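Subject: Handing over a model

Dear colleague,

Please find below the model that I would like to pass on to you. My notes on it follow, and I would be glad if you read them beside the coordinates.

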Amino acid sequence: LLRTASLRVRNRVRGTDEVVQVGEQGLAVLLLGAGAPEAALVANRLRHTLTGAYELEGRLAYLGVAMGEAIYPDSGSSGTELARAAQHSLALRQGS
């Protein structure tokens, strides 16, 4: 499921952007050279792209999406700081 979802993501971002697996169930998208307005548009596009049905071994599986965002340099200056900021953003959205 994650492999199929990552292909959907890769098809909806620019060739210069990076899509990487984070842990067993997550993906991170690095929008190189994008500002906050463009990141918001991409996040909305990805929510619509990822949410819905996936066919796996002849069965339908449904995927829900939760996203956290971080923007360089406002949210942090290192990968670790940006990852923490994105996790914090996700936790706030989920009410944790």
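A charge is said to sit over a ring if NZ of Lys or CZ of Arg is within 6 Å of the ring centre and within 35 degrees of the ring normal. By that rule the charged end of Arg8 sits over the ring of Tyr54, 3.6 Å from its centre. The structure holds zero aromatic pairs, a pair being two rings of Phe, Tyr or Trp (its six-membered ring) with centres within 6.5 Å.

This is a predicted model, in which local features need pLDDT of at least 70 and side-chain atom pairs count only at pLDDT 80 or more, while totals for chains, interfaces and linings use all residues. Residues are numbered from 1 along each chain as its sequence is written, and side-chain values use heavy atoms, with hydrogens and water left out.

The chain has three helices and four strands, in the order α-β-β-α-β-β-α along the sequence; these are DSSP runs numbered from the N terminus, helices being H or I of at least four residues and strands E of at least two.

Strands S1 (residues 18-22) and S2 (residues 26-30) run antiparallel and are joined by five bridges, where pairing asks for at least two bridges found by DSSP.

Pro73, in the loop between S4 (59-63) and H3, is joined to Tyr72 by a cis peptide bond with omega of about -5°.

Lastly, the largest pocket is lined by 39 residues, of which Leu27, Ala28, Val29, Gly68 and Ala86 lie nearest its centre. A pocket here is an open set of points on a 1 Å grid over the protein atoms alone, where a 1.4 Å probe fits, with protein on both sides within 12 Å along at least five of seven lines, and lining residues have an atom within 4 Å of a point. Helix H2 (36-50) is among the elements supplying at least two lining residues, and H2 gives the most, with seven.

With best regards

Notes: Rings of Phe, Tyr and Trp (its six-membered ring) pair if their centres lie within 6.5 Å; planes under 30 degrees apart count as stacked, over 60 as edge-to-face and the rest as tilted.
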